[in-house]
Amino acid sequence: MTFAEFLQQVGGMGRFQVIHTALLTLPIVLMASHNLLQNFTAAVPSHRCRLWAGGSDLNASLDLVPLDRNGQPEKCRRYVAAQRHLLDPNGTEGNGTRVDTETCVDGWTYDQSVYAATIVTEWDLVCDLRSLRQMAQSIYMAGVLVGALVLGGLSDRFGRKPLLVWSFLQMAVMGTCAAFAPNFISYCVFRFLSGMALSGFGLGIACLVVEWIPTQYRTITIAITGFVYTLGQILLAGIAYGISDWRWLQFAVSAPFFLFLCYSWWFAESARWLLLTSKAERAMGVLRHVARVNGKREEGEKITVEILKSNMEKELSTVKSSYTISDLVRTPAVRRIFCCLSIVWFSTSFSYYGLAMDLQNFGVSIYLIQVIFGAVDFPAKVVATISMSYIGRRVTVSACLILAGLVIIANIFVSRDLQTVRTALAVIGKGCLSAAFNCVFLFTTELYPTPIRQTGLGFGSTMARVGGIVAPLMTMTDEYFPWLPPVAYGAAPVASGLIAMFLPETLNVPLPDTIEEVENRSRKKTTMKETKEMIPLQNQDKVLFKETC
């Protein structure tokens, strides 16, 4: 018997799987909130230099503020107070006299009609310090990257459940600390540690869901988790609209993790992982527990340590005592999977966050565009789920990425005056990238074998976070090369979509339990291709022989 058959014996997609998956899915709602949180906590309201008289009203004495090249009030300079008498009654330079300007030495005045407070207004991250706003998001993504590298490997060594519980605790504590950070540096440190935690529980949830779900239900289950993430994006817009102070908003999306921590002790460790790490007795106990919850007590009691070991003997014989990241590149088939998936993960995340973290530049309400960006994911993911189920994972991932890239590139040639068209194209591109994320998440868990699944998924997530780190830095080049960010955001998914075609298809294929199993599947496909190529050549030779005779 294979592990998939043991899973069917204890109830298949029973009551346990439904409850287990539902509880694992709840934290995903707030994953989107943390990933996209800085759209609101780091929003940049209208601002100008604080005037000499100490007036706090943004519209007060605007005639005394110098104008920029577009005729708008200057945001980063003001007239020198000592020369204020040289201005005429209209607040302009009179009699041709030049009036000097200076930087905002007394700080800035901000429009608080939309945002009561953001990290930008709290620590004056404008003008010369404006790059720190994007840097804060990159630091958060760096935390997610480190978390994927560190926690992914630890999960394969110590188990899915312990690292999941720890990640919930870390997110709850660090997220709450970020809400009360006394300065920008401590805020970035807490956000970095929150990013690590998010990566840890994201990877743990993915593996626990996939490893407890029968093959035929994997696609729809991963699709549901994707819809929950989308729901989180829409929910974030509502929460941010109701909470305009960044500290309370940060606290609101972090405190629920204390609740997730409380019920995480009920989660069952992956029996598949327990078996492959020589913990057959614990695996037997977990399988029997699942059988009881599913109403299959008698079937569960039939499972013994001896039966598990004898039926999984082939898989256990090829399992090493420990695995490292080097196992991702040690054998040819796994190495090809690793290289292709790394590029796909990077490109998808790079373009996704390039669009999703630039909401203020669309010229409409940031809350509305956040809802639209979230809502478009539903039809996009439905189409992708149907395509994955009937056409296949590989073609779906490739099509989503190439379409997203082409739409983003097409936006370059649309006039900035056609803001509605530009926004519509960006929404379509973002929907395709969200669908691609859903596909590649499932694809990755199905391609890697159990002993290195979490490590492989962790490294894929790492590459995604590298993309997430680079994306806001690429946005900063817009001031010097306006064409560069959209070209990069469009070209990356097109290239990765073509590379994705080199991955093996996994539609209706059981999860591989060993590296050897992945290599054998690759060799069989290669042999079949060679056989198909030889047959027509042989037939052609026979025909030529007959014609010669």
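**Exercise 1.** Work out how helices H7 and H8 are oriented to each other.

*Solution.* Start with the helices, taken as DSSP runs (H or I, at least four residues) numbered from the N terminus: H7 covers residues 160-179 and H8 covers residues 184-212. Next, take the angle between their axes, which is about 150°, with the axes 8 Å apart; axes are lines fitted to C-alpha atoms over the stretch in contact, and angles run from 0 to 180 degrees between N-to-C directions. Angles over 145 degrees count as roughly antiparallel, so H7 and H8 are roughly antiparallel to each other.

A note before going on: this is a predicted model, where local features need pLDDT of at least 70 and side-chain atom pairs count only at pLDDT 80 or more, while totals for chains, interfaces and linings use all residues. Residues are numbered from 1 along each chain as its sequence is written, and side-chain values use heavy atoms, leaving out hydrogens and water.

**Exercise 2.** Decide whether Leu-125 is buried or exposed, and find its contacts.

*Solution.* First locate Leu-125: the loop between helix H5 (119-123) and helix H6 (131-158) holds this residue. Its relative accessibility is 3%, so Leu-125 counts as buried (under 20% relative accessible area, with exposed being over 50%, using a 1.4 Å probe and protein chains only). Then list the contacts (heavy atoms within 4.5 Å): not counting residues up to four places away in sequence, Leu-125 touches Ile-119, Val-120, Arg-130, Leu-132, Arg-133 and Phe-184.

**Exercise 3.** Compare sequence and space separation for Ala-291 and Phe-16.

*Solution.* Ala-291 sits in helix H13 (residues 280-293). Along the sequence, Ala-291 and Phe-16 are 275 residues apart, yet C-alpha to C-alpha they are 8.3 Å apart in space.

How values were computed:
Helix = DSSP H or I, 4+ residues; strand = E, 2+ residues; numbered from the N terminus. Parallel < 35°, antiparallel > 145°, perpendicular 65-115°, else oblique.
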